[in-house]
Amino acid sequence: MTISPEREAALLASVPTGLLIDGEWRDASDGGTFDVHDPATGKVIATLASATSEDAKAALDAADAAQAEWARTPARVRSDILRRAFDLINERAEDFALLMTLEMGKPLAEARGEVAYGNEFLRWFSEEAVRDYGRYLTTPEGKNKILVQNKPVGPCLLITPWNFPLAMATRKVGPAIAAGCTMVLKPAKLTPLTSQLFAAVLLEAGLPAGVLNVVSGKSASSISGPIMKDSRLRKVSFTGSTPVGRQLLKDAADNVLRTSMELGGNAPFLVFEDADLDKAVEGAMAAKMRNMGEACTAANRFLVQDTVAEEFTRKFAEAMRGLKPGRGTEDSTTVGPLIDGGARDDVHQLVTAAISAGAEAVCGGEPIDGDGYFYAPTVLGNVPNDAAILGEEIFGPVAPVTTFKTEEEAIALANASEYGLASYLFTQDYARMFRVAEQIEFGMVGFNAGVISNAAAPFGGVKQSGLGREGGAEGIAEYSTVQYIGIADPYAK
């Protein structure tokens with residue numbers, strides 16, 4: 001059933017529009033605001049307070065003031081807060097799904113999937129909070145005891161992207177709470193509403209004032225700039241573009257900050273001639289069209305063995321033609337809009353350049369007329385290996401297909417990128433899976449699977465795709481620092 005305008009309006013009216021600082025929602029210090037738009041219509045759906053540098057400093061003041069007591073809070077208490085938040089989000093799953101659809105554009109079915117995926121980080125880290133082990137042992141020569149404990153790294157700046165409004169927040173906030181860190185959260189200005197509602201749920205779950213502070217705003221630099229220069233900040237976690245990540249790493253160097261960087265991707269999708277092509281197409285649809293292709297893990301280059309390339313491309317295009325673009329609140333919609341007009345223009349420029357270089361538009365290849373920022377699901381065949389579209393992150397519903405002859409060539413093509421986040425491999429040969437996985441330079445490999453993100457798995461990349469890991473047992477370690485205590489052994493001789 002299509003969502004009514006009254007239901008949308010009631011939900012939007014329930015979302016806090018201020019800055020969350022020290023447990024209170026407040027206006028910006030200069031009274032400034034910014035608008036949030038529905039990318040399916042281009043219309044304004046909310047107006048939020050826009051944080052200033054002064055507000056950013058006040059948020060860090062609150063985080064710093066709360067850090068010592070929060071670090072001493074028993075792990076079970078932190079765990080219980082995360083679990084209560086998990087339960088509350090489950091109770092309001094439809095609200096969160098609809099809110100993401102309204103501000104980001106994804107179909108409701110996908111938004112519901114993100115609620116389930118994103119919320120799982122809260123449950124996962126509620127369990128990890130009480131299993132943050134240290135160790136105790138005797139030195140090899142037997143003269144001292146070694147006591148190793150994990151301590152929270154301290155106040156953190158968390159900067160999230162617009163494409164997964166809930167999951168990117170829970171993936172950072174969950175482990176920070178579990179480890180005992182306080183936070184300043186800077187959501188993306190295009191999709192801040194979900195973070196606002198998420199913060200309200202955490203307060204309802206019992207999170208103390210000052211532990212999480214949320215400063216949405218139209219100017220990212222005026223918020224992150226002064227905080228990054230403040231010696232009280234001890235960590236920055238960023239998900240976004242590689243150029244911005246590089247700048248943040250430079251800024252972090254001055255205060256020697258702990259950093260987690262989940263940056264750009266250019267995921268290869270390798271299809272070998274022995275692959276189950278129907279399964280490969282199913283995986284390709286999941287890897288390419290999840291989130292309209294607006295994901296750093298999205299398959300960006302389809303490298304198909306030449307003997308099966310024609311059949312794969314035909315079947316892939318048939319599946320893409322079956323998608324129904326539309327506003328995400330409509331039942332029939334299977335693919336939503338891109339985030340804004342600039343994003344759509346960038347995608348179309350890559351497509352037209354590829355066609356000019358010799359690629360064939362097997363399906364799609366054009367923006368869709370009308371309201372919103374829609375682009376037709378597109379498959380490009382016979383893409384030259386030097387086409388720009390194979391070297392850049394597309395971030396849209398466009399799948400360029402190129403070919404290879406041998407396994408060695410496939411590996412070389414896959415590695416011919418400065419990025420190394422996600423990759424995908426379809427073959428029925430397990431020996432080949434191990435050979436290829438060991439040789440391709442990517443932090444994550446999907447073997448006969450088009451979606452691999454999971455709260456229990458370490459998410460992250462290599463090369464220009466960043467450093468550090470989110471999720472899994474590794475996730476909480478990113479928010480912890482190790483302290484060693486050497487103790488004289490009273491029995492040593």
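Reply: What follows is a set of questions about labels, each answered by setting a value against its definition.

Reply: This is a predicted model, in which local features need pLDDT of at least 70 and side-chain atom pairs count only at pLDDT 80 or more, while totals for chains, interfaces and linings use all residues. Residues are numbered from 1 along each chain as its sequence is written, and side-chain values use heavy atoms, with hydrogens and water left out.

Me: Why is Glu-262 called buried?

Reply: Buried means under 20% relative accessible area, exposed means over 50%, and partly exposed lies in between, with a 1.4 Å probe and protein chains only. Glu-262 has 4% relative accessibility, and therefore counts as buried. Glu-262 lies in strand S11, residues 258-262, where helices (H or I, at least four residues) and strands (E, at least two) are DSSP runs numbered from the N terminus. The UniProt annotation "active site", from an unreviewed entry, covers Glu-262; UniProt positions are given in the numbering used here, feature names are shortened, and annotations may be inferred rather than shown by experiment.

Me: What does UniProt place at residues 25-484?

Reply: The unreviewed UniProt entry places the feature "domain: Aldehyde dehydrogenase" at residues 25-484. Over residues 25-484 the chain is 40% helix and 20% strand, and the end C-alpha atoms are 40 Å apart.

Me: What makes Val-256 exposed, and where is Val-256 found?

Reply: Val-256 has a relative accessible area of 65%, and so it counts as exposed. Val-256 is found in the loop between H9 and S11, and has a positive phi of about 50° although it is not a glycine.

Me: Why is Lys-463 called partly exposed?

Reply: The relative accessible area of Lys-463 is 36%, and Lys-463 is therefore partly exposed. Lys-463 has its place in strand S20, residues 462-463, and has a positive phi of about 55° although it is not a glycine.

Me: Why is H4 described as largely enclosed by the rest of the structure?

Reply: H4 is described in this way because 10 of its 12 residues are buried. Among them are Phe-96, Leu-98, Leu-99 and Met-100, and also Asp-95 and Glu-103.

Me: What span should helix H2 have, and where is the kink in H2 centred?

Reply: At 1.5 Å a residue, the 20 residues of helix H2 (residues 53-72) should span 28 Å, and the end C-alpha atoms are 30 Å apart, which agrees. A kink of about 40° in H2 is centred on Ala-66, where the bend at a residue is the angle between axes fitted to the seven residues ending there and the seven starting there. Ala-66 is also one of the buried residues of H2, which include Leu-60, Ala-63 and Trp-70.

Me: What makes a space a cavity or a pocket?

Reply: On a 1 Å grid over the protein atoms alone, a cavity is a set of points where a 1.4 Å probe fits but cannot get out, whereas a pocket is an open set with protein on both sides within 12 Å along at least five of seven lines; lining residues have an atom within 4 Å of a point. Grid points are joined across faces, edges and corners, and a volume is the space filled by probe spheres set on the points.

Me: How much space lies in the largest pocket, and which residues are closest to its centre?

Reply: About 1100 Å³ of space lies in the largest pocket. Of the 43 residues that line the largest pocket, those closest to its centre are Trp-162, Phe-238, Gly-240, Ser-241 and Val-244. The largest share of the lining, 6 residues, comes from H9.

Me: How many cavities of 30 Å³ or more does the structure hold, and what lines the largest cavity?

Reply: The structure holds 4 cavities of 30 Å³ or more, and about 80 Å³ of space lies in the largest cavity. Its lining includes Glu-262, Arg-290, Cys-296 and Phe-459.

Technical notes
The expected span of a helix is 1.5 Å times one less than its number of residues.
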